[in-house]
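Trainee: I would like to learn how to read pockets, charged pairs and strands from a set of coordinates, taking one feature at a time. Could we work through an example together?

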Amino acid sequence: MIISIIGPGESASVSDEEHAYEAGKLAAELGHTVLTGGRASGVMEAALKGAKEGGGTTVGILPGNDTSEASAFVDIPIITGMGQARNQMNILTADAIIAIGIGPGTLSEIALAVKEKKPLILFRPAGDLLSLLNKFEHGQLFAAATITDLSGVIKNKITVPES
């Protein structure tokens, strides 16, 4: 399974980065490929680092025309030249999405995940985000408060249609 870990870049909190590292490591240890926006900042960098330290494979879907912004922890860089439009690729490529932290880009990816009905896990969702998203038809929307909760959701609740 390909798990996309999304969250803020430069505006990520230390807590967001710590949780992203743990989520990336967990996903890799469970045998999943970790996909992010690929840049060397915030949640993206932390999740990729965790995945590599967990023995996993990483994919970075980059906004620019080259790999200059890529994290050193990206195994497979995908150069898009699409800027923020790459968010659609992040969601469509993933089998499941984990959102950690919040920012405008992350919010757009969350909305795309809901629209595409992709399995979506909100890690410690901000404010009323979960109740807002529950107003939309979505069969696989989950919240996790701890890494242990996150592990249980990934292992026991995420279902991915056969390709």
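Mentor: Let us start with the pocket: by class, the lining of the largest pocket has five nonpolar, 11 polar and four charged residues, where Ala, Val, Leu, Ile, Met, Phe, Trp, Tyr, Cys and Pro count as nonpolar, Asp, Glu, Lys and Arg as charged, and the others, Gly among them, as polar. Keep in mind that this is a predicted model, in which local features need pLDDT of at least 70 and side-chain atom pairs count only at pLDDT 80 or more, while totals for chains, interfaces and linings use all residues. Residues are numbered from 1 along each chain as its sequence is written, and side-chain values use heavy atoms, with hydrogens and water left out.

Trainee: What volume does the largest pocket have, and which residues are the closest to its centre?

Mentor: Rolling a probe the size of a water molecule over the atoms shows where empty space is left. On a 1 Å grid over the protein atoms alone, a pocket is an open set of points where a 1.4 Å probe fits, with protein on both sides within 12 Å along at least five of seven lines, and lining residues have an atom within 4 Å of a point. Here the largest pocket has a volume of about 270 Å³, the volume being the space filled by probe spheres set on the points, which are joined across faces, edges and corners. Of its 20 lining residues, Gly7, Pro8, Gly9, Arg39 and Gly105 are the closest to the centre. Strand S1 (2-6), helix H3 (86-93) and helix H4 (104-115) each supply at least two lining residues, and the largest share, four residues, comes from H4; helices (H or I, at least four residues) and strands (E, at least two) are DSSP runs, numbered from the N terminus.

Trainee: Is Arg39 buried or exposed, and what of Glu10?

Mentor: Buried means under 20% relative accessible area, exposed over 50%, and partly exposed in between (1.4 Å probe, protein chains only). Arg39, at 15%, counts as buried, whereas Glu10, at 63%, counts as exposed.

Trainee: Which residues cover the two faces of S5, and in which sense does S5 pair with S1?

Mentor: In a regular strand the side chains alternate between the two faces of the sheet. In S5 (residues 96-100), five of the five residues are buried, so the strand is largely enclosed by the rest of the structure: Ala96, Ile98 and Ile100 lie on one side and Ile97 and Ala99 on the other. S1 and S5 pair in the parallel sense over four bridges, where pairing requires that DSSP finds at least two bridges between two strands, and Ile6 has Ala99 as its bridge partner in S5.
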